[in-house]
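Q: Got a model open here and I'd like to walk through it with you. Can we start with the hairpins and work outwards?

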Amino acid sequence: MDGFEVVYPSDRRLRGHTTAVEDGRPYAVSYDIRLADGWRTREVHVSSETVTGRRSTVLVSDGAGRWTVDGVPAPHLDGLVDVDLEASACTNMLPVHRLALPDGEVTAAPAVYVRALDVSVARLDQTYRRRGPGTFDYSSEGGAFRAVLEYDAAGLVLDYPGIARRAA
């Protein structure tokens, strides 16, 4: 995948845009993520533009792990507090901030996963293990995908091997 992401973090909000080409298919995604105390996701607006047109979705959490997708209850997402956008490396900062793990500890951090091409929504099981300051082992899909993620002092992703590397 080749692409570019720009994110504008502010108090309790992440706004951003990505453009990429994956498996020969170009897309552009814009997002606006609203957060509550403790880095819990409360509302997400995602739009994706592809050669087949524009799609968008709105996810809302009650803060206690219950979600709606485009206003419809989504019980398959019950218990999740984070969102993970396929098109965004920055959403991997949400559980890292929220969990404050000690070195060596592993924890499950399942998330609401939004796919880039069609904005479909699913549960993504993932784990994080803090290796040391700013470095985490990440796995998803039952361990089928693994990466070592590096963060700066503010908790923003510096390096997500094969996915993203911060340029500025």
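This is a predicted model: local features need pLDDT of at least 70, side-chain atom pairs count only at pLDDT 80 or more; totals for chains, interfaces and linings use all residues.

Q: How do β4 and β5 pair, parallel or antiparallel?
A: Antiparallel, over 8 bridges. Strand β5 covers residues 53-61.

Q: Which residue is the bridge partner of Glu43 in β5?
A: Val60.

Q: And what does β4 do with β3?
A: β3 and β4 also pair in the antiparallel sense. That pairing runs over 9 bridges.

Q: How many residues sit between the strands in the hairpin of β3 and β4?
A: There are 3. Gly38 in that hairpin has a positive phi near 75 degrees.

Q: What holds the strands of a sheet together, in general?
A: Backbone hydrogen bonds, in either a parallel or an antiparallel arrangement.

Q: OK, switching to β8. Which sheet is β8 in?
A: An open sheet of 3 strands, ordered β8-β10-β11, with mixed pairing. β8 and β11 are the edge strands, so called because each pairs on one side only. β11 spans 121-124. From one strand to the next, the twist averages 35 degrees.

Q: In which sense do β8 and β10 pair?
A: Parallel, over 4 bridges. β10 is residues 111-114. Within that strand, Ala111 is the bridge partner of Asp82.

Q: Is Val83 buried or exposed?
A: Buried. Its relative accessible area is 1%, and the cut-off for buried is under 20%, so Val83 qualifies.

Q: What is Val83 in contact with, leaving aside neighbours within four places in sequence?
A: Ile33, Thr41, Val44, Leu59, Thr91, Leu94, Ala111, Val112 and Val114.

Q: How far is Val83 from Glu43?
A: 9.4 Å in space, C-alpha to C-alpha. In sequence they are 40 residues apart.

Q: What about the nonpolar core, how many residues has the largest one?
A: It has 40 residues. Leu59, Val83 and Tyr128 have the most contacts inside it. β3 supplies the largest share, 5 residues.

Q: Let's do charges. How many salt bridges are there?
A: The count comes to 12. One of the pairs is Asp37 with Arg12, where the closest N and O atoms are 2.2 Å apart. This pair links distant parts of the chain, 25 residues apart.

Q: Where do Asp37 and Arg12 sit?
A: Both are in loops. Asp37 is in the loop between β3 (25-36) and β4 (40-50). Arg12 is in the loop between β1 (2-10) and β2 (13-22).

Q: How accessible are Asp37 and Arg12?
A: Asp37 has 53% relative accessibility, so it counts as exposed. Arg12 has a relative accessible area of 44%, so it is partly exposed.

Q: Remind me why charged side chains pair up at all.
A: Side chains of opposite charge can pair when their charged atoms come close.

Q: What about Arg66 and Asp62?
A: Their side chains meet in a salt bridge at 2.9 Å, N to O. Arg66 is partly exposed at 49%. Asp62 is partly exposed too, at 34%.

Q: And which residue does Arg123 bridge to?
A: Asp125, with the closest N and O atoms 2.9 Å apart. Arg123 comes out partly exposed at 41% relative accessibility. Asp125 is partly exposed at 43%.

Q: Now zoom out. How many helices and strands does the protein have?
A: 1 helix and 16 strands. The radius of gyration is 15 Å, close to the 15 Å the globule rule gives for 168 residues, so the protein is as compact as a globular protein of that length.

Q: What does the C-alpha trace span?
A: About 45 × 35 × 35 Å along the principal axes.

Q: And what share of the residues is buried?
A: Buried residues make up 42% of the 168.

Q: Last one: what share of contacts with a separation of 6 or more comes from residues 24 or more positions apart?
A: 35%.

Methods
Residues are numbered from 1 along each chain as its sequence is written. Side-chain values use heavy atoms; hydrogens and water are left out. Buried means under 20% relative accessible area, exposed over 50%, partly exposed in between (1.4 Å probe, protein chains only). Contact means heavy atoms within 4.5 Å. A salt bridge is a side-chain nitrogen of Lys or Arg within 4 Å of a carboxyl oxygen of Asp or Glu. Helices (H or I, at least four residues) and strands (E, at least two) are DSSP runs, numbered from the N terminus. A nonpolar core is a set of buried Ala, Val, Leu, Ile, Met, Phe, Trp, Tyr and Cys residues joined through side-chain atoms within 4.5 Å. Two strands pair if DSSP finds at least two bridges between them. Axes are lines fitted to C-alpha atoms, for helices over the stretch in contact, and angles run from 0 to 180 degrees between N-to-C directions. The radius of gyration is taken over C-alpha atoms; the globule rule is 2.2 Å times the number of residues to the power 0.38.
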